[in-house]
Amino acid sequence: MGMENGKIISSEKLEKARRTSTYKKEHSKKSARIGIRITEHQNNLIGRMAAERGLSKSRYLLNRAFERPQLSVEAGRIIVGIDETNKEIRNQKAAFLKHCNTYGEVDVKMFNELMTGMELLCQKFDRLKEELYKCYLSGIERANYELREKRRTDREKQKQAQKAG
């Protein structure tokens, strides 16, 4: 015998209600446990990384497991720029080869344009790699990375100023 909304119901009706999928879903365990084996060093490392972010080890691991990189707008612009530069280089190369085949000589101006385009493509690709790398970093890691980059560029500027001065 059981009570439902203040009324007594039979044990058969109660048993029937407990067999329904809705009842089982509402009254089942809501979480599961996962066990992994890691070394003591890995445990300490996870603990430090979690503490840096102010999280528990479990919450840190869950966040990292479901983390998805967010592609920056700058990375998208670089991809478009690389594509356009590739088209320009293909056109310049075709014009260069046509000129060489037609006149049997090398046009230095066209060759320089082709090399400039290739250098521009390499620079854009390097920027793309950097932007994609930043997309995979968490907020604190990204801030540390940007701080290191800023220090590196400041050192390079100081070196250039010392050479000029």
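Helices here are DSSP runs of H or I, at least four residues long, numbered from the N terminus. This is a predicted model, where local features need pLDDT of at least 70 and side-chain atom pairs count only at pLDDT 80 or more, while totals for chains, interfaces and linings use all residues. Residues are numbered from 1 along each chain as its sequence is written, and side-chain values use heavy atoms, with hydrogens and water left out.

Start with two helices. Two packed helices are described by the angle between their axes and the distance between the axes. The axes are lines fitted to C-alpha atoms over the stretch in contact, with angles from 0 to 180 degrees between N-to-C directions. For α5 (residues 73-103) and α6 (residues 108-135), the axes come within 9 Å and cross at roughly 160°. That makes α5 roughly antiparallel to α6 (the term covers angles over 145 degrees).

Now look at charge. Side chains of opposite charge can pair when their charged atoms come close. A salt bridge is a side-chain nitrogen of Lys or Arg within 4 Å of a carboxyl oxygen of Asp or Glu. By this rule the model has eight salt bridges.

Helix α7 (residues 139-164) holds both Arg-152 and Glu-149, three residues apart, about one turn of the helix. Their side chains meet in a salt bridge at 2.7 Å, N to O. Glu-131 and Lys-134 are both buried (under 20% relative accessible area, 1.4 Å probe, protein chains only).

Finally, Glu-52, Arg-53, Arg-64 and Glu-141 are linked in a network of salt bridges.

Definitions and conventions. Helices (H or I, at least four residues) and strands (E, at least two) are DSSP runs, numbered from the N terminus. Angles under 35 degrees count as roughly parallel, over 145 as roughly antiparallel, 65 to 115 as roughly perpendicular and the rest as oblique. Buried means under 20% relative accessible area, exposed over 50%, partly exposed in between (1.4 Å probe, protein chains only).
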